[in-house]
Amino acid sequence: MINEETTRRLWPLLTRVKRPGRYAGGEWGSLPVKEHADVRVCLAFPDTYEVGMSYLGYQILYALIRSLDCADAERAYCPWPDMESEMRRAGVPLGSLESGRPLRGFDVIGVTLQYELCHTNLLTMLDLGGVPLRAEDRGDGDPLVIGGGAGALAPAPLERFFDAFCAGDGEVILPGLLNVLAQMRGASRADKLEAAAKLPGVYVPGLSALPARRQIVTNLDDDFLHRTMITPSSGIIHDRAAVQVFRGCTRGCRFCQAGIIDRPVRERSARSVAEQLRELLSYTGWEEAGLLSLATCDWTPLPELLELLRPILEEANVKLSLPSLRMDGFSVELAAALGGMRRGGLTFAPEAGSARLRRVINKGVSEEDIETALDATFRHGWDRVKLYFMMGLPTETDADLEGITAIAEQAASLARRHKRRGEISVSVAGFVPKAHTPFQWEAQLGIAALRERGRMVKGRVRNRKISLAYHEPEQTYLEGVFARGGSELSAAIEEAWRRGARFDGWTECFDLERWAGVFRDLDIDADAYACRERGADEPLPWEVIDTGVTRAFLARERERAFTEQATPDCRGGDCSACGWERKGGCPQCIA
Amino acid sequence: MHRVRIAFSKTGLGCFISHTDLPMLFSRAARRAGLKPELTQGFSPHPRLVLAPPLPIGVVGLREPAEFWLASWESEDFAAWRDKMPRGVTLLSAVEVTDPRTPSLTKLCSAASYRIKSETGTDALALAAALGDALRESGGLLASAARGGAVSLAVRGLEKHGPSRLVAILRDAGLAREWSELAITREALGAWDESAGEVVPL
């Protein structure tokens with residue numbers, strides 16, 4: 001628990017900053033630290049409290065680490081710039097919410113890498129926590145800084161700052177890793193890293209045998225399940241009890257990194273999910289529950305779960321938040337059957353405006369699906385629809401972009417037919433090719449071209465019922481640089497941070513000019529990372545990690561994209577030989 | 001439906017939890033304790049409750065009142081509810097209001113007592129004098145005294161004479177530059193007892 005001394009030091013700072021509640025801690029479910037633990041882990045989230053507390057992964061890992069005899073977990077989030085400057089002025093280090101222990105006092109700093117534009121926040125946290133920024137500058141008394149999450153599967157730009165990365169599911173990697181570190185308590189940093197490098201799924205740059213293989217939980221029901229969650233005392237973004245119902249996705253959308261790096265699909269049973277959710281609702285008191293996955297409508301036992309949940313939700317007066325919906329009639333009917341949560345509208349992601357381009361990206365949504373879904377939405381009485389698209393996809397033409405506004409018009413006209421208000425909001429994001437996907441070789445569209453396409457689409461909106469916004473292309477560009485970046489980018493991240501880059505993912509903080517200046521001064525060709533097509537045989541920096549999906553499969557999928565061939569959903573038994581069929585652990589292939 | 005009046009304290013870093021977050025915080029703790037908070041009717045249902053005039057962020061509250069409407073209530077529910085609260089906000093008491101003629105909480109809270117101490121060493125006598133003069137002029141002063149290096153202050157007209165006003169008075173008098181230079185504690189909210197010369201908490 002935060003002691004009086006820490007409270008006294010933080011107090012004057014908190015009277016001066018925005019949203020001080022995010023630094024207060026003490027939430028229900030945040031437990032007193034263990035008196036004795038061989039490995040003290042600080043789960044550091046490189047964004048604000050409200051974002052970090054919405055991330056289910058840390059709720060799981062907090063409970064998991066607390067359950068280990070040898071280890072304890074605490075949490076830290078990145079202070080907003082106003083708090084950072086107050087802390088620097090007062091000489092107050094960044095500590096955990098649980099004890100106020102500065103980051104340098106932990107054995108391990110665990111950092112999840114969910115988003116490329118959080119990189120500078122990591123440096124803020126290390127620096128404020130008294131941890132040397134570069135791994136090479138850390139001594140035996142400093143913590144090991146270990147990365148996880150999607151970013152750990154393409155870690156080159158961050159290698160300078162990390163001692164190790166975990167590739168895959170934390171539930172299978174962390175207990176082994178923390179046990180080894182507990183046994184080696186007092187050993188030198190070099191010895192610990194050498195031992196860690198031998199563990200499956202742990203990538204220690206320079207020490208691990210390559211490629212490091214991503215590790216997975218094969219049976220989710222039988223593995224560690226969180227039965228508690230930290231319940232915030234102030235509002236966060238995803239403010240609800242959450243349970244993951246499956247991992248992986250079989251749809252095979254070619255732009256989607258999660259759909260590749262979370263393979264194979266591993267489904268949980270309805271009974272296990274219902275039981276877990278019941279326990280979580282009773283522990284947390286949350287009035288809303290969410291079923292998480294990459295595509296919850298695809299989950300086989302969903303109808304069975306809804307039957308099991310109905311009495312639990314009614315008894316506790318809990319609302320089920322709608323999962324992201326596939327654009328088809330089935331999903332809308334399902335949402336309608338759930339009742340409740342009727343206010344607001346439904347959200348769909350057709351991703352591309354034409355059937356042709358949807359074939360290229362393997363988003364198997366037909367024109368008929370779109371019409372059926374929109375029709376059912378308004379027929380069931382919803383008034384609003386939100387549609388997500390991308391621009392800058394491979395092979396995209398003006399006709400594909402025109403399709404975006406055509407779908408929005410279609411939605412508005414279907415709303416009229418059903419006499420609904422029909423507010424259509426359209427969001428268009430620039431496409432960022434990601435590592436480990438079939439589009440990992442593609443050139444990303446540059447800033448000027450993306451802006452031109454955004455303006456063109458927006459300029460076509462004539463209907464007052466339709467509001468269309470496109471993402472500012474500068475952030476998209478920088479995301480693209482880091483998504484497929486090399487190790488020389490470490491220097492750029494460090495320099496941009498020294499020049500004041502903070503919270504680059506937040507529009508109000510982002511400044512591309514600062515980054516452009518850094519790239520120029522360090523003689524780094526950032527365009528070569530974002531906007532260059534890679535040669536088919538070129539070695540790629542992220543191939544130090546083997547996600548389980550083969551390069552041959554990705555290359556094949558790329559070919560199929562350019563010939564506009566669909567690859568069927570493998571849940572139906574049509575194995576597309578992504579690589580998992582030879583590794584075991586893929587339930588589709590076993591069946 | 002049972003109308004339950006509670007008293008709670010906000011201490012330590014719990015003072016930085018915003019007033020607007022309190023309804024959810026109490027209602028989730030009640031749900032953890034197996035209680036069922038009544039929800040308001042309407043488009044976006046939320047727990048039915050009445051809070052006292054807001055305690056600004058960063059002000060300690062030693063005994064703040066609130067009222068909740070719950071589907072059931074037994075006296076032992078108090079301990080269950082108290083044990084499910086997050087740190088920093090403590091449930092001190094919870095009692096059912098059984099007399100339907102009991103006026104609303106807002107009507108019953110007409111006075112507040114504060115303890116105000118300068119963190120920069122400004123003399124409590126000077127603080128008491130400045131606050132006394134300004135509040136007397138606007139009709140808010142009930143009592144003001146310097147005790148043990150701090151000001152003990154009782155005011156009426158809670159909306160008009162809340163902690164923000166007190167800080168503004170001291171700022172205008174040149175005795176404090178900002179909130180962080182003052183430690184403010186609201187000790188009680190309730191009715192002024194003229195004969196005893198103190199605020200009787202609800």
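What percentage of the 591 residues of chain A count as buried? In this predicted model 52% of them do, a residue being buried if 20 or more other C-beta atoms, placed from the backbone, lie within 10 Å of its own. Local features need pLDDT of at least 70 and side-chain atom pairs pLDDT 80 or more, whereas totals for chains, interfaces and linings use all residues. Residues are numbered from 1 along each chain as its sequence is written, with chains lettered from A in the order in which they are written.

**View 1. The largest nonpolar core and Leu103(A).** The core (buried Ala, Val, Leu, Ile, Met, Phe, Trp, Tyr and Cys residues joined through C-beta atoms within 7 Å) holds 224 residues, of which Leu103(A), Val145(A), Ala164(A) and Val428(A) touch the most other members. Helix α14 (residues 398-417) of chain A gives the most to this core, namely eight residues; helices are DSSP runs of H or I, at least four residues, numbered from the N terminus. Leaving aside neighbours within four places in sequence, the contacts of Leu103(A) include Cys42(A), Met125(A) and Pro143(A), where contact means C-beta atoms, placed from the backbone, within 7 Å.

**View 2. The packing of α13(A) on α14(A).** Helix α13 (residues 367-379) of chain A packs with α14(A) at an angle of about 35 degrees, their axes 9 Å apart; axes are lines fitted to C-alpha atoms over the stretch in contact, and angles run from 0 to 180 degrees between N-to-C directions. Among the residues that meet are Ile370(A), Leu374(A) and Phe378(A) in α13(A), and Ile407(A) and Leu414(A) in α14(A).

**View 3. The contact between chains A and B.** Chain B brings 22 residues to this contact and chain A brings 23 residues.

Note on methods: Two residues are in contact if their C-beta atoms, placed from the backbone, lie within 7 Å. A residue is buried if 20 or more other C-beta atoms lie within 10 Å of its own, exposed if 12 or fewer, and partly exposed in between; C-beta atoms are placed from the backbone. Helices (H or I, at least four residues) and strands (E, at least two) are DSSP runs, numbered from the N terminus.
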